[in-house]
Structures are given as C-alpha cells and as structure tokens.
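Please look over the chain shown below with its helix packing in mind. The report that follows treats pairs of helices, a salt bridge and the confidence of the prediction.

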Amino acid sequence: MSQLLLSSIICHILDLTAARSLHNSGSVHVAQQVRTYLNCSSGQYEANGVCCDLCEPGYVVKSLDCRSNPKTNCKPCTVGKDYMDKDNYKTTCLRCNFCDEQHGMETEKHCTITQNVKCRCRIGFFCDSTKPCRHCEKCDLCENGIIAKECTPTQNTVCGEKDNTKDKLKWLWLILPVAVSAGVILWWRYYSKHRTERRQKITNQKGTYESYEDKKIEYPDINLKPYIPAIISVMEVRQVRRLVRKLGLSTVQIDGIVYENSNDSSEQKIKLLECWHETHGIKGSCQTLITSLRELKFDDAADNIDQIIEGKCNHPED
C-alpha cells in the first residue's frame, strides 16, 4: 500500500516539473513532446494543453502558444510576396515564385495570399513538360514556310512538306521540247558519224574489205615519234592531257612538262606524247594509242593516225 502511494506521488511531481518546463520554454518541439490528453475537434490543433484553431488559407499563426487568445492567433500573408494555400498552423508563409522572362516565361496569374504565381510560356516559346514548367524552349521556324500546326504554349511548331508536283510539271513542260530537240540532234550526229565510219574500208592481207564493226583492227608496230606533230594537230591541250593520263602518265609528269613549256601549247602536246611514247616503246603503241583515242571519243585524232599508218604501210620506204 505504501509503495502504491509513493508511486502516485512521484508521477504527480514529474507532471508538475514537465508543466513548468513547458511554461518557461517557447519551444515548439517541447510542446509537441509534452502534450496533454485533450481531444481537439477538426480544424484545431493542440498546443500547451489548449485546442487552438487552424489558420485558414492566406494566414499563418502568430504563435503556436495560443492560450492568451486562441481565436485571433492568425496573421495574413503579404500580397505579392508570400502565400498559404491551405488550413495550417505554420508560423511563416510560403514565398511566391516568379516567372523568368529570360527563360521565355510570363505571368498568367499573379501571386495572391492564397495561391502561388502561375506562369506560362510567352508567345514564340513552348514547354512540353507534364510537371510545372520551369523553362520554355523557343518555337521552331519552318524553313520552307509551311506550318502544319502553329506553336502553342505546350507544343512546338509542326512543319509541313512542300508539294513540288506543280512546279516539277511546269519545269518539265518547259524543258521537255528542248531536251527532245537536243536528243534528236545528238542522235543524228552519232548516227551520221558511225555511218561514215562503216563506209570506210581497210584492206586486209587477203585483199578483201571488212568494216570496223566486222573485225577488230590490228595495227602494226611503228615508231610514232616522227608523226606526233601531225597527230596532235587536231587535238587541244586539254585533250592531250586526258589522253596521256589515260595512257598512264602520272600527274607529276604531266604538270612538270606543262610547266616547262608553259608558253607554248603546241610544245606541251608534243612533249606529253613523246614522254608517253618513250615510256611505252614501239611495240603495241599504235594499237594502244588509237584504242584510247576511240574510248575518249577523240575520233578525229584517231582517224588522223589511221591515215598516217595507212600511208606508212603503203609507202614503207618513207
């Protein structure tokens, strides 16, 4: 019995000690740790053994210890500076955000004491974030000038594709007659030239006549060096350059000869062919030279060599 009485006295002393500590200290944490067993209604919070009313949106509590005036313990937030958007017993309001124009944003709704500022992307910018946007991107420009969908605050520009069908048809009708005429002219030139070649006959060892199309011509091996001036007489410098390049002269060799004879185009052509002839030798030189000229479509020069070779065969003493 004496032990039970002693225990009751100790508990009472501890409660009195805690109450004095709470009274002398303004600490929120102590107030929360040493709560009484009051049953506060909805819309209230318990502090220091008193049921205090929550502050409504736009207000925060002046002091968590509301014993002196539990009904008027709220103070308003500052318009344009801070806000509170729900019932609370906080001691400070939340600071308003701002809309950063440098990031393409503008204010949609200003900050009030009950809600934060609401931002949006300004004209020419967009933000496709599902969360509150903090940064707007600049809308794309359509280089072809065709816009399928305009840029909105939440979606970038969608560019369309240009339909060039009409323009293509227009140009086609303009160039078609010219192309047909040019094709007819080229075909006639090609036909006339090859018809002339087919009529040219050469004499083979049996004395019969065969066309170039009927038989591949085999040319004799002769020294072409004395005939080079006559060969290049119907060729331009650029044609001779193409020819010797095809025949195997290097760019260094060609450029060197051109540089050494820069003031005389005829000498350039002669030296270029002589350089190739000295490198290649007599054997097969006629065959290689004429075949290359035919492949390059330098038929005038090839025909000129044909005549030289024919004259050489008919007059070997020359």
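## Helices α5 and α7

In this predicted model, the axes of helix α5 (residues 237-247) and helix α7 come within 10 Å and cross at roughly 10°, where axes are lines fitted to C-alpha atoms, for helices over the stretch in contact, and angles run from 0 to 180 degrees between N-to-C directions. The two helices, α5 and α7, are therefore roughly parallel to each other, a term for angles under 35 degrees. Helices here are DSSP runs (H or I, at least four residues), numbered from the N terminus.

The crossing of α5 with α7 is left-handed, meaning that the near helix is turned anticlockwise from the far one by less than a right angle, whereas clockwise would be right-handed. Val237, Val240, Arg241, Leu243, Val244 and Leu247 of α5 make the contact with Ser265, Gln268, Lys269, Leu272, Leu273 and Trp276 of α7, contact being heavy atoms within 4.5 Å. These residues divide into 8 nonpolar, 2 polar and 2 charged, with Ala, Val, Leu, Ile, Met, Phe, Trp, Tyr, Cys and Pro counted as nonpolar, Asp, Glu, Lys and Arg as charged, and the others, Gly among them, as polar.

The axes of α6 (residues 251-260) and α7 (residues 265-280) come within 9 Å and cross at roughly 145°, in a right-handed crossing. Gln253, Ile254, Ile257 and Val258 of α6 meet Gln268, Lys271, Leu272 and Cys275 of α7, and by class this contact has 5 nonpolar, 2 polar and 1 charged residues.

With α8 (residues 285-295), the axis of α7 comes within 11 Å and crosses at roughly 135°, and α7 and α8 are therefore oblique to each other. This crossing of α7 and α8 is also right-handed. Leu273, Trp276, His277 and His280 in α7 are in contact with Ser285, Thr288 and Leu289 in α8, a set with 3 nonpolar, 4 polar and no charged residues.

The side chains of Glu267 and Lys271 form a salt bridge (3.7 Å, N to O), defined as a side-chain nitrogen of Lys or Arg within 4 Å of a carboxyl oxygen of Asp or Glu. Because they lie 4 residues apart in α7, Glu267 and Lys271 are separated by about one helical turn. The whole structure holds 8 salt bridges.

## Confidence and conventions

The mean pLDDT (the predictor's confidence in each residue, from 0 to 100) of the protein chain is 76, and 75% of its residues reach 70 or more. Over residues 1-37 pLDDT stays under 50.

Residues are numbered from 1 along each chain as its sequence is written, and side-chain values use heavy atoms, leaving out hydrogens and water. Local features need pLDDT of at least 70 and side-chain atom pairs count only at pLDDT 80 or more, while totals for chains, interfaces and linings use all residues.

Note on methods
Parallel < 35°, antiparallel > 145°, perpendicular 65-115°, else oblique.
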